[in-house]
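Hello,

Here is the model I promised to pass on. My notes follow below it.

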Amino acid sequence: MEKGDSMLISQNGTLTYQLSALDTIGALSFSPTAGVENILDVKIVDSPWTTEVLRGIGAPGTGFPYLIVLGTMRHREGKDFCVIYKRRPVIVLELKNEKFKRWVIPATAESVNSLRNLGLVNQPA
């Protein structure tokens, strides 16, 4: 399974990770949304398959180690929404007062640029 047309969209103070049709099926979830004001921290991580990035167990969703994680990861502190493909870099968004504690999403150029436009990422493209 390769990544589809999923993308990070910012509109009217709301950030949405718009899932493609295939990602929606794999994640067994709809596209998550969060208020921009609820973003605590943004990190770009080169290696997503670490305990720093992945916490808890996947349910519901799809997961094959070192290949794909789509959906919700449940852990003691709450839930994370994850979209991880192979060993590609990811963006980790830490959130407050939202359904998910964190989003772990692909670090595509478009996603990084969306976050940079919001003033959340200082890293050059």
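Start with Tyr 66, which lies in the loop between S5 and S6. Strand and helix names follow DSSP runs, numbered from the N terminus: helices are H or I with at least four residues, strands are E with at least two. Bear in mind that this is a predicted model, in which local features need pLDDT of at least 70, side-chain atom pairs count only at pLDDT 80 or more, and totals for chains, interfaces and linings use all residues. Residues are numbered from 1 along each chain as its sequence is written, and side-chain values use heavy atoms, with hydrogens and water left out.

**Backbone points**

Tyr 66 has a positive phi, near 65°, and is not a glycine. The hairpin of S5 and S6 has three residues between its strands. Tyr 66 counts as partly exposed because its relative accessibility is 45%. The classes are: buried under 20% relative accessible area, exposed over 50%, partly exposed in between, with a 1.4 Å probe and protein chains only.

Asn 97 also has a positive phi, near 55°. Asn 97 sits in the loop between S8 and S9. With a relative accessible area of 70%, Asn 97 is exposed.

The peptide bond from Ala 59 to Pro 60 is cis, with omega near -5°. Pro 60 belongs to strand S5. For context, most residues other than glycine have a negative phi, and most peptide bonds are trans.

**The sheet**

Six strands form an open sheet in the order S4-S8-S9-S7-S6-S5, with mixed pairing. S4 and S5 are the edge strands; each has a single partner, so one side of each has no neighbour in the sheet. From one strand to the next, the twist averages 15°. Two strands pair if DSSP finds at least two bridges between them.

S8 (residues 90-95) and S9 (residues 102-106) run antiparallel and are joined by five bridges. Within this pair, Ile 91 stands opposite Ile 105 in S9. Helix H2 (residues 109-117) packs on the sheet and touches S4, S8 and S9, its direction making about 40° with that of S8. Axes here are lines fitted to C-alpha atoms, for helices over the stretch in contact, and angles run from 0 to 180 degrees between N-to-C directions.

S5 and S6 are antiparallel too, over six bridges. Gly 58 faces Met 73 in S6 across that pairing.

**The largest pocket**

What volume does the largest pocket have? About 160 Å³. A pocket is an open set of points on a 1 Å grid over the protein atoms alone, where a 1.4 Å probe fits, with protein on both sides within 12 Å along at least five of seven lines; lining residues have an atom within 4 Å of a point. Grid points are joined across faces, edges and corners, and the volume is the space filled by probe spheres set on them.

The lining has 15 residues, with Gly 58, Thr 62, Gly 63, Val 69 and Met 73 nearest the centre. Strands S5 (57-64) and S6 (68-75) each supply at least two lining residues. S5 gives the most, with seven.

**A buried loop residue**

Asn 38 is in the loop between S3 (33-35) and S4 (39-45). Asn 38 counts as buried because its relative accessibility is 11%. Beyond neighbours within four places in sequence, Asn 38 is in contact (heavy atoms within 4.5 Å) with Glu 94, Leu 95, Lys 96, Asn 97 and Glu 98.

Best wishes
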